[in-house]
Every structure is written in C-alpha cells, then in structure tokens.
Amino acid sequence: MPATAQRIDTQPIQLVTAALAAAFGDPRHTCPADAAQQQRLRDAWWALVAPHAGRSTGELGLGELPPTKGDIEPLCNWLAMPQSVRETAWLHVFGLVIARQCPPYETEYCHWKDPTYRAHQLADIAGFFNAFGLEAHPDRPERADHIGLELEFIALLAWKLERAQAENDDDAMAICRDALTWFVKDHVIWWMPTFARCVQQRIETHPFVDAVSSQRDALDAMVGIADALRGWTAALRLVVDVEPCRQIIAPQVDPQPVYAVCETCTTC
C-alpha cells in the first residue's frame, strides 16, 4: 500500500467491534461497563457511522442496515447490566448447545453441509488468527468460527493497523489492510447480518414466559444489538471498500457436526 493511500480511523472500529464481541460472547467473561466506557462507545459509534449517512437500502447487502439506522444505546445498556442478568438472557437465546435458530458460528450458515468444505472454512479462519498471533484462551476453548472470536480478531486487526499507521510502516499497513479487507469479505458480510436477523426472530417469536423484567430488558437490548451488528457490517464494509453481498442463506445446523470439539468430554 503506497504511503499516500487513504488511512483508516481505526479507533472507532476497535471500540465498537470489541463491544459487539463482548455482547455476543460468553457474559461470564465480561464485567459491566461504567458510564465513561459507555460514552466512549457512543462517541466511537457515531464516528464510525456518520460518514455513511444517507446510504440507501439499494446500496446495502442482504440483511444490512444503513449504518446510521443502527442504535448504540441497546449495546450500552446491555454492557452496563449485571453479569447474572446478561448470562441468563444470553442462555435464553443461545442455550447450552448450538442454537438451531441462531447459531453463533459462521460455518453453520454454509450452503454446503459437506464436512470437508466446512472444515476448510474453519481452517481458513484459523489461518487468519494464527498469522496475527491470536490464540484461543486455554480455559475457554471455542471454535474459531464463533462470532465473538471473529469480532475480537477484527478489533485486533484494527489495533495493529492503528500502530502501523502511527509508525508510518507501509508494509505493515498493507498487510493489516489487506487482511482486514479479505476477512470482512470472506468471513463477515455474507453471514453476520443473517445471524443478526436470526437472533431477532428467535427473541421475537419465542415467548420466554419465565423471563423476569430485568431479563426481558436484556432480551430487548439484544434485539437492538442485532440491529447495531447489521449497521456495523455495512459501515465496516464501506470503510474497507468491499462490494455488498446479496446471497440468501439460512442456518444449516447438523445435530453433531463431525468437526465439533466438546469442551467437557471426549465421548460425544
């Protein structure tokens, strides 16, 4: 990438993406956000989406929202909730096994159910992670295609790109920019908006009759977070200049994917 190439304002990407990763990841591993953190998130959101005001739906990919149509407040509210409330609501949506209605795993949205094809997709994601030194936490094993890990990786790429730009390191800038572009193209835009819609449909169509008011507030916040993810996808795609994806997909969950690794035993 030439030194004169347009640089990216990476800090808004880092903050918003890390917050989305925390929302869709296991709530047991995140602490409630304080008022200052929430305000930084609001500022980062508007810095990210404001340049894309006025985008029409005809310019968007399937499932995306015009960036400024997304609302960051549900995400701020979610991150400020007590861990126990978030955990219960999160389990309502995703359960203890792979949720068939809204699986948070990229390869569960692949058209082809062939295990070899899905294993290849997983290997490609893992290759990105390994190239930039990202490893799964030994105490929290998770498949590489989990949306939380993919979002964490994008936040890491944005941070590395920020450092490269600060140091005027053209080679590092090119590597980070290319990786971000290709990862967004191959592992974000084609499935994350659909995942977000599936989360919304799961919450809107399931009665959750046993949810108390605080949990209902958390579930309502998750609906808004899904909208934020749809707007974030559009904004990030526009930042890295990737064409929209209009592929129609749906979850294709196998009862027991052959490549799945059980966290607690080796008998299933």
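Colleague: Why is C176 called buried?

Modeller: The relative accessibility of C176 is 6%. Buried means under 20%, therefore C176 counts as buried.

Colleague: What makes C245 buried?

Modeller: C245 has a relative accessible area of 17%. That value is also under 20%, so C245 is classed as buried.

Colleague: Why is V97 called exposed?

Modeller: V97 has a relative accessible area of 67%. Exposed means over 50%, therefore V97 is exposed. V97 lies in the loop between helix 4 (83-94) and helix 5 (115-131). Together with L91 and L96, V97 forms a nonpolar surface patch with about 340 Å² of accessible area.

Colleague: Which residues of helix 3 are buried, and what do they pack against?

Modeller: In helix 3 (residues 73-80), the buried residues are P74, L75, C76, W78 and L79. They pack against helix 1 (10-24), helix 2 (35-49), helix 4 and helix 9 (213-240).

Colleague: Over which residues does pLDDT stay under 50?

Modeller: This applies to residues 257-268, for which the model has 14 contacts beyond four places in sequence. Where pLDDT is low, predicted coordinates should not be read in detail. The chain as a whole averages a pLDDT of 89, and 91% of the residues score at least 70.

Definitions and conventions: Residues numbered from 1 in each chain as written. Predicted model: local features only at pLDDT ≥ 70, side-chain atom pairs only at ≥ 80, totals over all residues. Heavy atoms only, no water. Buried < 20%, exposed > 50% of the residue type's maximum accessible area, 1.4 Å probe, protein only. Patch = residues over 30% accessible without salt bridge, like charges linked within 9 Å, V, L, I, M, F, W, Y side chains within 5 Å. Areas by Shrake-Rupley, 256 points an atom, 1.4 Å probe, with all protein chains shown as cover. Salt bridge = Lys/Arg side-chain N within 4 Å of Asp/Glu carboxyl O. Helix = DSSP H or I, 4+ residues; strand = E, 2+ residues; numbered from the N terminus. pLDDT = per-residue confidence, 0-100. Contact = heavy atoms within 4.5 Å.
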